[in-house]
Amino acid sequence: MEGATFSNYSWIDFAFSVVGVCTFLVDWGSDVWLATEFYRQGDFVWFLVLISLMVLSSVVVQMFSWFWLQYDRQLPGFSSHTGVGTVLFGDKVKLSCLLHVLQLGFLCRHISAIRQGFRVWWRKQEGSEYAVYLTHDLSMLRLIETFCESAPQLTLMIYVMLRTNKARTVQFVSIAASTTSIAWMVVDYHRSLRSFLPDKAKQGWGSSLVYFLWNLLLIAPRVAALALFSSVLPGYIGVHFLIMWFVFVLWAWRQKTEFMDSVGGEWLYRATVGLIWYFSWFNVADGRTRGRSIIYHSFITTDGGILLATWWCYRDPVLTESYAAALLIMLPLTYVLGLLFKALYYCCFHPKMWRPPVRDPGLPNDLPDADVSFRDFSIQDSTLSSQLLNKRMASHASHFYSNQRVNRNTDSTKQDESSHL
């Protein structure tokens, strides 16, 4: 593939890092405010649910951050890129561990990215590759945090409004913060994916707009359907989630994901993917992407139809008279519109990247392509061999953009991870 160059750190990356930490702090502040209001009003069940979501999300994000920190330390030459001026990396293992135990690792990653970005962009110092590396990890962590906290919290807020048939100011603030967090995650994640495209396949902001609309129009009716179901059968939403989550985790296991570098980390990843799939589609493996997407959306459409039908049968006809019919019509239409935007994206904006297989030395020339492994997680060519490559985001970019099945050879892949440094 010709013309493949890795994106250098720019002022846009710095702006995304600053806005990202601001969004994180605002979202966290609104959560604390809302939890305080629930407690003061005596709504202890909702208070405990909200606190549980906040704690679960924080613990999961810290675990991913710590796993990645440990993986990166084992890569030869990584410490030479981090330097001694960073907040989180370097040789301060005990300090980093303490920060993660105190649930401050994610925030410190934001501070590290901003500090490193300022040194590269404003002071013109070296370390552009490491600054980009940090932003890619933050993008992945925001994705996890969004579906572990923001999406469930948005469902909870809509449920509370439906149950009480009224809304407080703090609830509107929390809904706005959660929606902003989800929207920012979508745009930021897609921008990180685009950075792994070669120059001749770079996408404009139009592709990000369509990508954003597709995800928004698919996530919104899903969250609304879950909230409506919860408003009539609150005791069954937990059972519904556990059944769906278990099925999704098994599906992720069947796809033989290879995202983390340890068995425990991989199962944590699969469990998190199961949670993400409860709200939105997320491609985690190479090959048969279209087939898996069709299966997923068919399953979610059926489940959403059952949720809406259940709500319609058990709702209060008097209290819901003003909006019931409109929701019953608008939610399915919104989901269908989201599917149309997704089809539009893949037809008009999605570059179908194909990479010829690279054969391992010593293998016979007539070996079938199915037995040939790709050496690089990136969808770019070997011109990146001397740069610091975030293999985690590169792996997701490969799943998202590549239309050819990838068979990985674990040993050769680990060797090439070192060559990227």
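Me: What do the buried residues of α4 pack against?
Reply: In this predicted model, the buried residues of α4 pack against α2 (44-73) and α5, with contact meaning heavy atoms within 4.5 Å.
Me: Which residues of α4 are buried?
Reply: In helix α4 (residues 93-101), they are S96, L99 and H100; buried means under 20% relative accessible area (1.4 Å probe, protein chains only).
Me: Why do they line one face of the helix?
Reply: Viewed down the axis of α4, the buried residues fall within an arc of 95 degrees, so they line one face.
Me: And which residues are exposed on the other side of α4?
Reply: K94 and V101 are exposed there, where exposed means over 50%.
Me: What comes just after α4?
Reply: Q103 takes a positive phi of about 65 degrees.
Me: Changing topic, at what angle do α1 and α5 pack?
Reply: Helix α1 (residues 11-41) and helix α5 (residues 105-121) pack at about 155 degrees, their axes 9 Å apart. They are therefore roughly antiparallel, a term for angles over 145 degrees.
Me: Which residues make that contact?
Reply: From α1 they include W11, F14 and V18, and from α5 they include F106, I114 and W121. By class, the contact has 12 nonpolar, 4 polar and no charged residues.
Me: How should I read the numbering and the values?
Reply: Residues are numbered from 1 along each chain as its sequence is written. Local features need pLDDT of at least 70, side-chain atom pairs count only at pLDDT 80 or more, and totals for chains, interfaces and linings use all residues, while side-chain values use heavy atoms, leaving out hydrogens and water.

Definitions and conventions: Axes fitted to C-alpha atoms, helices over the stretch in contact; angles between N-to-C directions. Helix = DSSP H or I, 4+ residues; strand = E, 2+ residues; numbered from the N terminus. Parallel < 35°, antiparallel > 145°, perpendicular 65-115°, else oblique. Nonpolar A, V, L, I, M, F, W, Y, C, P; charged D, E, K, R; others polar. Arc of directions from axis to C-beta.
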